[in-house]
Amino acid sequence: MPCPLPSRPRLSRPTVRAPAFLAPLALCFSLAAPAAEADPATWADVLSPDRLAERVLRGVVLGARTQADIVYGALTVDVLGTRATMTDLQIWPFFEWDTRGDCEIGIRRSVLQGAPLSAPDRLSLRLSARGVRLPAACLPPEARVALAQVGLDTLELSTLSLGLDYDVPSSAAELSVRATAPGFASADLSARFDYLWIEAPEGSQEPVPVAYLDSAEIGVESLGGWEAVAQLLPPQLTDPGSAPLLVQGALGTAVFGLAGDGGGRTRLTDIEARLVD
């Protein structure tokens, strides 16, 4: 017998939500009790690594629900394969600009893949998602305007992947980000670091990243969206002759600012110049 669940109105955080949800949940648990008694779990089931890992991740979800409303369809964990899969994920974040509760992030399927257990000197995390849907209400007002200017009210990604490979002995790392918006564009970002970690300087209350960048690449392929974007850009940025120089100048300024020298030098280092080129 299906459990009757109430329709999900978007409620603000100060609203007390317990009474609206406890009744149907209690009914679900009471209906599920006879089935549990008829097919009791064994200690091998309860203490299996996969089940224990699932309980840990469910605890993470419960903690995350203090920051956003979160529901999902199914969660499975393969400890030996260092993989966790979640389907039909829906998230309603508590953004201060979203007073009407219109921001509903949907992810049809997401997979978190770690490094093999046989490689203790390597840390690896790869998050891949399919069927990502991000309405304009999830963006700050200024970003929402930019999205509307290119003719979109929802950002839909067929695929999104984030990857980090970290070598523990050398502290070297590789970072990759890939995303595809059908009918608009696909983008790739990759970066290699000779050294990447965090440090806590004396007297500082928060850790700061320490990164020695070796190389970085950014690639964008138009899948039909360039025409809409080109209309919003200055003519110099759409001219093949002047666009590379303008982009290099902007990147050089950004890299120089990130160096944080406070005006102590007046030019990029050879490594920084090679990165900008």
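Mentor: Let us begin with Arg83, which is partly exposed because its relative accessible area is 34%, where buried means under 20% relative accessible area, exposed means over 50%, and partly exposed is what falls in between (1.4 Å probe, protein chains only). Please keep in mind that this is a predicted model, in which local features need pLDDT of at least 70 and side-chain atom pairs count only at pLDDT 80 or more, whereas totals for chains, interfaces and linings use all residues. Residues are numbered from 1 along each chain as its sequence is written, and side-chain values use heavy atoms, with hydrogens and water left out.

Trainee: In which strand is the place of Arg83, and with which residues is Arg83 in contact, leaving aside its neighbours within four places in sequence?

Mentor: Secondary structure is read from DSSP runs numbered from the N terminus, helices being H or I over at least four residues and strands being E over at least two. Arg83 belongs to strand 3, which covers residues 83–93. If neighbours within four places in sequence are set aside, Arg83 is in contact (heavy atoms within 4.5 Å) with Thr76, Val77, Asp78, Val111, Leu112 and Gln113.

Trainee: Which side chain makes a polar contact with the side chain of Arg83, and which residue forms a salt bridge with Arg83?

Mentor: A polar contact is a pair of N or O atoms within 3.5 Å; within protein, one must be able to donate a hydrogen and the other to accept it, and residues adjacent in sequence count only if both atoms are side-chain atoms. The side chain of Gln113 is the partner of the Arg83 side chain in such a contact, at 3.5 Å. A salt bridge asks for a side-chain nitrogen of Lys or Arg within 4 Å of a carboxyl oxygen of Asp or Glu, and Asp78 forms one with Arg83, their closest N and O atoms being 3.3 Å apart. Asp78 counts as partly exposed because its relative accessibility is 28%.

Trainee: How many salt bridges does the count come to, and which residues are linked in a network of salt bridges?

Mentor: The count comes to 10 salt bridges, and Arg51, Glu54 and Arg58 are linked in a network of them. Glu54 is buried, as its relative accessible area is 7%, while Arg51, at 32%, is partly exposed. In another salt bridge, the side chains of Asp188 and Arg178 meet at 3.2 Å, N to O. That pair links distant parts of the chain, with Asp188 in strand 8 and Arg178 in strand 7 (residues 173–181), 10 residues apart.

Trainee: How many disulfides does a search of the whole structure find, and which residues does a disulfide join?

Mentor: The criterion is a pair of cysteine sulfur atoms within 2.5 Å, and the search finds 1 disulfide. Cys103 is joined to Cys138, with an S to S distance of 2.0 Å, and the link is right-handed, with 105° about the S-S bond. Cys103 lies in the loop between strand 3 and strand 4 (105–114), and Cys138 in the loop between strand 5 (122–135) and helix 4 (141–149), so the pair ties together parts that are 35 residues apart in sequence. Cys103 is buried at a relative accessible area of 0%, and Cys138 is buried at 6%.

Trainee: How many aromatic pairs does the structure hold?

Mentor: A pair of aromatic rings is described by the distance of the centres and the angle of the planes. Rings of Phe, Tyr and Trp (its six-membered ring) pair if their centres lie within 6.5 Å, planes under 30 degrees apart counting as stacked, over 60 as edge-to-face and the rest as tilted. The structure holds 3 such pairs. One of them is Tyr166 with Trp197, whose centres are 5.4 Å apart and whose planes are at 35°, so the pair is tilted. Distant parts of the chain are linked here, Tyr166 being in strand 6 and Trp197 in strand 8 (residues 185–199), 31 residues apart. Tyr166 is buried at 10% relative accessible area, whereas Trp197 is partly exposed at 47%.
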